[in-house]
Amino acid sequence: MVAVDAAVPTGRVPAQEAGRLTPGRVLAWACLVVIVLITLFPFYWMLRTALSNGTTLATAGSSWLPVDFTWGAFRRVLGLATLEEAQAEGGTGSAVDFWVYLRNSVLVAALITAGQVFFGALAAYAFARMRWPGRDAVFFVVLTALMVPPIFTQLPNFLLMRDLGLVNTYAALVLPFFFMTPFAVFFLRQFLLGIPREIEEAARLDGAGHVRTFFRVIVPMSWGPITTLALLQYVQAWNEYFWPLLVGSERSVRTLTVALGVFRAQTPQGNPDWPGLMAATLIAALPVLLLFIAFGRRIVDSIGFSGIK
Amino acid sequence: MKRRLTVAATALLLALAPGCAAERPPADSGGWDETGEVTYWMWDANQLPAYQRCADDFEARNPDVDIAIEQVGWDYYWGRLLTAFVANSAPDVFVDHTSKYGDYTTRGLIEPLDDLIARDGPDLAQYVEGTGDLWVGDDGRRYGLPKDFDAVGLFYNAAMAREAGITPEQMQDLTWNPQDGGTYGDVLARLTVDRNGVRGDEPGFDPRNVETYGLGIDYPPGGGSGQTQWSFLTATLGWSHTDKPLWGTRFNYDDPRFQETVAWWRSLIDKGYMPPVEQSVGTELSQLMQAGRVALVSEGSWNISTFAKLGGIELATAPTPIGPQGHRAAMTNSLADSIAAGSPNKGAAWKWVRYLASPECQEMVARGGVVVPAIASVVPTAEATIGAHGLDITPFTRQLHEGTAFPFPAAHHAADVDSIMESAMERVMAGSADPSSLTAANEQVNALFTQG
Amino acid sequence: MTSAVAAPVAEAPAAATRTRRSRRDTWVALGFVAPTIFGFVVFYLWPSLRGLGLSLTDYTFFSETSFVGLANYQRLLADETFWNAMAVTVWYVVLNIGFQTVLAVLLAVLLHRLTRSVVIRGLVLMPYLVANVVVALLWFWMLDAQIGIVNQVLSWVGLGPISFFGSEAWAIPTIAFVNTWRHLGYTALLIFAGLVMIPRMLYEAGRVDGASEWQMFWRITLPLLRPVLALVLVITVVGSFQVFDTVAVTTMGGPADASRVIQYYIFDLAFERLDYGYASAVSVVLLVILSVIAFVQLRLMRANESDLS
């Protein structure tokens, strides 16, 4: 890859001076508006469906407003509806322990993110800033993990978890992702390559070892990319589906993505609970959305450029 | 370089050796404890409340056994069950399906019940005829006590039928044959309406521009059994899936009677009475009925409560049509509770299964108004409760009372048969292959059994 | 890739110190990478080897397993479904990467040249916050041939109905579109990050010379974006070969195998037909193919480095 230019672009440079309305610019704006509309429309449709009544939804498939408006779907998802209420609106008779699933999702995603970012940063530092025999070869080998199809490793990993007796524990949900993800190592290494050597040299001359340099100099300097990486990995872990389904389907450790299955068809050729599913999706996306609003500018501003060039 | 390769290869082999040794089948030696927690899996969320009442009642009678019911939707049920068996965390008792349990018996994963039944009952005569036999495997042993049964029938939009001038009485006595479709075919044509309001049996009907189709079609169209799609037609011709009703080893998809039926069924698409199969990917029939896109569907009785709940639409039920030989036919299937062979407390599990099969518990299930229990004495209760919720289930159950029901063709290699037939039927129904191509599919299917 | 690590060596005062220090550094470095190596070995390497071992057996989870040599690989050569799955997957990758890259470049350029609004950049990232499975279900429903909203809209302008998921011709393009929808904002922001680093002077100079936006895109933006694009491609190509979730919750491989992508085929073999040994053999072949592709791409990228430095 190329060496990284550590100069952090501000992202605040004003774009081309606005005001001149040429046909080209009108067309460009039109493109942008269309893309944004296509991006947002499904979210509106989710909301509209989530506020509809499941038993009459299909009678007005093309209605732009909620069909037979009700908060029932949100009440079902949050476990506030009684069984009778839920079934009367096309929901299931199954209890939804929303807060348990939420706790599990937060816990699992947070643990995975913490492990990946911390260990990823350590490894990235060793790969980018230290010289040791076999470094490049090891880095290449770690990168090959990117090519391994998840389905290939998931079943043996599942057997491993079984043999360790960890199925249906948090450990099983977290461990395979906890120690490394090639993307994190790669992402941070590319950033660290760009930090001017002198800064580190100064620290070393003051007598700091690598460990101290790492924690006192490198980590504070890399806070931007680290946050970005953490948010990206958090989103990824939050949305992980197949692995939690395999090893964490039991109620006590079930995550939100797996729990969404409650709203899918419960009998052969049965109807999914569309409003419930959409309400649950919106609610499940909410915590991530909140994180995103809190750190949004940082992600949006720094996504990627630290990782590439 | 060469030496390095050798070293690498040796290292690899050393690494693989324990890997291979580790893939042994999971431990299958369960225990016969009479106490402890019994986990119970079921898929139908609608029935959960009734079964929870059974569990509460059971726990009151057996204080040293706890029942933990877990409901897993059908879409995930079999996948999760499989991984649970691999992980040695299978439920002690689970609701089993006739199309699946063959896979579990051949692998020794579920417990035969013959000795237990001989010791503790129940008397198998208490069941609706035919439901119990489905649970005798090809090894002659019984793997489940039937809990309920289902049958195939017709759901139709009553308001649309009235508008088309079709009376409920007519609907109860439809006829069918593979040449002109009989009165069943007439009704489907009559119920079809194009965008200009012209009916399917009127001049000027535009089959490319249909507002409401007479008949709905499932995707995929039928698989190996055609349970709700075509089996109720083929069976009126005297055709059967296999050489013997259960655990057959030769399939009959090459029979002209079967292929004629499929040809008639497919002709509905060309005539515009049924949606093209490619448009049927995704939506469930009940939603299409609700949206007014189809007027009639053939469906299983297990979905009657789903249909009854549909708002903004007036529905009615009817039995399947009478065929050329003068009788109706409907495939019937029954679900049962099976005990995992690896369960540590099979004694307690058996107590629970035994209770589930008792009239006390099935009475509660009958009052749940979702399914019809297999115990004959509570069938009237279930028929009344379901009827009170809006839809009459007797057009379905009469097939069992009148002896026109036939069992689901349980067979080995069910997943492979389904997968072969699903794609073969799909090609035929999509118009890219002729019904005669099903002969080749039949050879593929039968080869599964000769290869052993 | 490896040659890119241009690490100037710190000039140490004396050779002896240097040796001692570098030996100590090696230990520190190994400590830093240890968790990553551990994760790699336990959760990538070991399961891969186990999968490789299983591909030489007739493992089916429950019955006794025996060694069958290369029989699974022989079977694979004659397996039409496998070759069809490969072809389908490649078609998907071509479409998905095509849509995604072209649209993402367009979107990134629009964001770069038209507006610096963080809100808009945030909005386009929103689909990424929703789990893959849910995105697939949502579009499955919106694109339904008979009651989906998209076909309703099409019918108002006299088009359709189009069986987006049901027809053999549309299934793969539709799945490619759905995944593009989810990843577009993310990819666009990666590219955006690359755009931000193109010196503004170049555009100003271009404008002075009277170049149009269109000309500047082809003469300045695209050539300078090549390294970034190359990196984005490595990540997205390998990722799209692993398409699975979307197919699993929508078409399940149909109609008539038209969307039976390789990962879904593997899943079907392993979990529906319990033919795990054979499923492993297919995975091994996929792994080999992905490695070759990644290797070629990395080679091409290295060839690109000269453009920048």
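1. In this predicted model, the loop of chain C that runs between α10 (245-249) and α11 (262-272) contains M252(C). The backbone of M252(C) deserves attention: its phi is positive, at about 50 degrees, although the residue is not a glycine. Most residues other than glycine have a negative phi.

2. W247(B) is placed in the loop of chain B between α9 (231-234) and α10 (256-271). With 17 other C-beta atoms within 10 Å, W247(B) is classed as partly exposed.

3. As to the chain that carries W247(B), the secondary structure of chain B comprises 18 helices and 11 strands. Its radius of gyration is 24 Å, close to the 22 Å that the globule rule gives for 452 residues, so chain B is as compact as a globular protein of that length. Along the principal axes, the C-alpha atoms of chain B fill a box of roughly 75 × 70 × 40 Å.

4. Of its 452 residues, 54% count as buried. Among contacts in chain B with a separation of 6 or more, 73% are between residues 24 or more positions apart.

Conventions. Residues are numbered from 1 along each chain as its sequence is written. Chains are lettered from A and ligands numbered from 1 in the order in which they are written. This is a predicted model: local features need pLDDT of at least 70, side-chain atom pairs count only at pLDDT 80 or more; totals for chains, interfaces and linings use all residues. Helices (H or I, at least four residues) and strands (E, at least two) are DSSP runs, numbered from the N terminus. The radius of gyration is taken over C-alpha atoms; the globule rule is 2.2 Å times the number of residues to the power 0.38. A residue is buried if 20 or more other C-beta atoms lie within 10 Å of its own, exposed if 12 or fewer, and partly exposed in between; C-beta atoms are placed from the backbone. Two residues are in contact if their C-beta atoms, placed from the backbone, lie within 7 Å.
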